[in-house]
Amino acid sequence: MSESRGPDGATERLPVLEKDTGSGDYGQSSSAADYEPPPPAGRAGRFWSLRRVPAALTALVPFAGAGIFLYDIVSVRAGRPAMRWRRELADQLAHRPLDDTWVLVGAGLVAVLGLWLLLLALTPGLRRILPMRRTHADVRAGLHRDLAALVLRDRAMEVSGVQSVRVRMRRSKADVRAVSHFRDLDDVRAELDATLAETVRGLGLARRPALSVRVRRLGRKG
């Protein structure tokens, strides 16, 4: 409650609206089944790698080559002879035919290097980071594939009848291989499907991976 002074100087109490937080003394709690994730706040694209080493090499090699050529040209203009490697390179380019083996090999290496640099420039990289669903426009989150596989493995081990689990997590698919030592295989597989499907939904990934679950019986020794 708050107070204020009236025109006659008397103290008056102002009404305050209180928000009801639920029934009972401790409020009303909602279960996990009633929880609905907030709508996405934008497209959750893949994370792009910085690729500092290829970018530094791409910038350094032309810079160093241009600097050496510029130094040699200035030296020739000053009356000095050209560098030996540049004279030999010019002589080789003038006399060696284009269908020569070494010319073709060099051209192939340069073409492969150029294609590799273009591939690095056009692909995002960081394939082991799975983008998560965006609930805020200014926040992006990702989950490592190994951590997602670990979560699926831990949840699968909680299923009755499962002795061991091996999970291989990819960008669009999760391969689960389980070994059961008791219970019917169909029952174990059905429970694994339900448990892992709920776990995948709980990971909050922008693109839910498809589940591939296989269960086999532990082989007998001897």
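Within helix H1, the residues that count as buried (under 20% relative accessible area, with exposed over 50% and partly exposed in between, using a 1.4 Å probe and protein chains only) are Pro-54, Asp-72 and Ser-75. The structure is a predicted model, in which local features need pLDDT of at least 70 and side-chain atom pairs count only at pLDDT 80 or more, while totals for chains, interfaces and linings use all residues. Residues are numbered from 1 along each chain as its sequence is written, and side-chain values use heavy atoms, with hydrogens and water left out.

Helices (H or I, at least four residues) and strands (E, at least two) are DSSP runs, numbered from the N terminus. The buried residues of H1 pack against helix H2 (84–95) and helix H3 (101–122), where contact means heavy atoms within 4.5 Å. Just after H1, Gly-79 takes a positive phi of about 100°.

The table sets out the spans of two helices, for which the expected value is 1.5 Å times one less than the number of residues.

| Helix | Residues | Number of residues | C-alpha span, end to end | Expected span |
|---|---|---|---|---|
| H1 | 52–77 | 26 residues | 37 Å | 38 Å |

In H4, the buried residues are Arg-145, Ala-148, Ala-149, Leu-152 and Ala-156. They cover an arc of only 100° around the axis, which puts them on the same side of H4; the arc is that of the directions from the helix axis to the C-beta atoms. An α-helix has 3.6 residues a turn, so residues three or four places apart point the same way. The partners of this buried set are strands S3 (129–131), S4 (142–144), S5 (162–169) and S6 (173–180), together with helix H5 (185–202).

Between H4 and H5, Val-151, Leu-152, Arg-155 and Ala-156 of H4 meet Leu-192, Thr-195, Leu-196, Thr-199 and Val-200 of H5. The two helices, H4 and H5, pack at an angle of about 145° with their axes 10 Å apart, the axes being lines fitted to C-alpha atoms over the stretch in contact and the angles running from 0 to 180 degrees between N-to-C directions.

Asp-175 lies in strand S6 and, at 9% relative accessibility, counts as buried. Leaving aside neighbours within four places in sequence, Asp-175 is in contact with Arg-166, Val-167, Arg-168, Arg-170 and Ser-212. Arg-183, in the loop between S6 and H5, is partly exposed, with a relative accessible area of 28%, and its phi is near 75°, a positive value in a residue other than glycine.
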